[in-house]
Amino acid sequence: MNTSLPNNFDCGIARELCRASADAYYESEINNGESDTHVLVRRNESDAVVAFRGTADARNWLTDLKCGLWRDALCGKIHEGFHLALESVWEELEGEVRELGAKRVWVTGHSLGGALAMLFAWYWEGPIAGVYTFGQPRVGNGRFCDNYNLIRGRRTFRVVHADDIVPRVPWLLGAYRHAGHEVFYPGPRMGDICELPYLLDPSAPAKLPLDFRNGLRELTCEKIAWLADHHVDTYLELFQSNPSTVYQS
């Protein structure tokens with residue numbers, strides 16, 4: 001929980017960046033086949049958007065997930081696989097973004113792409129307008145998160161939807177922690193229960209009733225909620241009504 005970080009979350013920006021994260025699954029300018037890393041880069045008059053593609057198969061990725069920590073002497077420890085994936089495209093991506101010469105750089109990604117977006121924001125030496133990720137797994141240990149929050153934390157928003165399991169991996173037993181703001185959406189309408197707005201940096205006790213509610217939803221819908229809740233299209237649906245209310249716990 002990072003309640004000390006200022007909240008500048010913008011649902012309109014989240015909608016646009018979520019769309020870019022979804023588009024990254026179908027188009028990209030920078031690709032590395034060996035690491036299966038793909039990046040979509042867009043530019044308008046003043047802004048550049050760097051969108052990392054997530055994994056095409058969440059089930060297989062979770063099964064094959066390697067959680068080894070790679071030591072960075074400056075920032076702590078980060079996920080070895082994420083580090084290698086970003087490294088595989090870094091030189092080309094850095095050159096592309098600098099050549100664009102945009103005044104503001106926005107970074108985004110869904111799932112695995114969200115983890116790479118956070119790492120890119122950490123290593124990028126220029127200013128970052130904002131980092132918006134969707135269904136992002138943990139990236140590094142406590143020291144990495146503390147250092148990241150000092151530099152990029154107030155402009156980083158991790159959107160988490162209901163029972164999505166990916167933001168819960170790698171597991172806490174592996175010393176991984178989350179950085180930035182958590183923007184938690186409890187889930188869709190269920191019977192007479194109206195759709196709730198998001199919660200900013202909710203505490204564990206605040207989320208317990210929602211976890212119980214979502215458990216009932218899973219039983220009622222007869223589906224694997226954590227897979228359905230993780231899909232990028234589900235995240236896109238969160239911003240169709242553009243909710244403006246926030247509950248802070």
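Is D36 buried, partly exposed or exposed, and at what relative accessibility? Some notes on that and on the rest of the fold follow; bear in mind that this is a predicted model.

1. D36 first. With a relative accessibility of 46%, D36 comes out as partly exposed, because the buried class stops at under 20% and the exposed class begins at over 50%. You'll find D36 in the loop that joins β1 (30-32) to β2 (37-43). The backbone is worth a look here: phi of D36 is near 55°, a positive value, and D36 isn't a glycine. As background, most residues other than glycine have a negative phi.

2. D201 is another aspartate to check. Phi is positive here too, about 50°, in a residue that is not a glycine. D201 sits in the loop between β12 (198-200) and α6 (204-221).

3. On to helix α4. From first C-alpha to last, its twelve residues reach 17 Å, close to the 16 Å expected at 1.5 Å a residue. Eleven of those twelve residues are buried, so the rest of the structure largely encloses α4. The buried set runs through L112, G113, G114, A115, L116, A117, M118, L119, F120, A121 and W122.

4. That ties in with the largest nonpolar core, which has 33 residues; F52, L93, F120 and F144 are the ones touching the most other members. At least two residues of this core come from each of β2, β3 (47-52), α3, β6 (104-110), α4 and α5. The largest share, nine residues, is supplied by α4. There is also a second, separate core of 27 residues, with C18, Y25, Y185 and L236 among its members.

5. Setting aside neighbours within four places in sequence, F120 is in contact with V50, F52, L86, W90, L93, V97 and V107.

6. Aromatics next. The structure holds 16 aromatic pairs. One of them is W90 with F120, a tilted pair at 5.4 Å centre to centre with 50° between the planes. This pair links distant parts of the chain, 30 residues apart: W90 belongs to helix α3 (residues 80-100) and F120 to helix α4 (residues 112-123). Both partners, W90 and F120, are buried.

7. Elsewhere, ring pairs join F9, W106, Y132, F134, F157, Y185, Y198, Y235 and F239 into a cluster. There is a charge over a ring to look at as well: R98 lies over the face of W124, at 4.4 Å from the ring centre.

8. Last, helix α5 (residues 142-151). Which of its residues are buried? They are F144, C145, Y148 and N149. Looking down the axis of α5, these buried residues fall within an arc of 130°, so they line one face of the helix. The face turned away from that buried side carries D146, L150 and I151, which are exposed. As for partners, the buried residues of α5 pack against β5 (76-79), α4, β7 (130-134), β8 (140-141), β9 (156-161) and β10 (176-177).

Terms used: Residues are numbered from 1 along each chain as its sequence is written. This is a predicted model: local features need pLDDT of at least 70, side-chain atom pairs count only at pLDDT 80 or more; totals for chains, interfaces and linings use all residues. Side-chain values use heavy atoms; hydrogens and water are left out. Helices (H or I, at least four residues) and strands (E, at least two) are DSSP runs, numbered from the N terminus. Buried means under 20% relative accessible area, exposed over 50%, partly exposed in between (1.4 Å probe, protein chains only). Rings of Phe, Tyr and Trp (its six-membered ring) pair if their centres lie within 6.5 Å; planes under 30 degrees apart count as stacked, over 60 as edge-to-face and the rest as tilted. A charge sits over a ring if NZ of Lys or CZ of Arg is within 6 Å of the ring centre and within 35 degrees of the ring normal. The arc is that of the directions from the helix axis to the C-beta atoms. Contact means heavy atoms within 4.5 Å. The expected span of a helix is 1.5 Å times one less than its number of residues. A nonpolar core is a set of buried Ala, Val, Leu, Ile, Met, Phe, Trp, Tyr and Cys residues joined through side-chain atoms within 4.5 Å.
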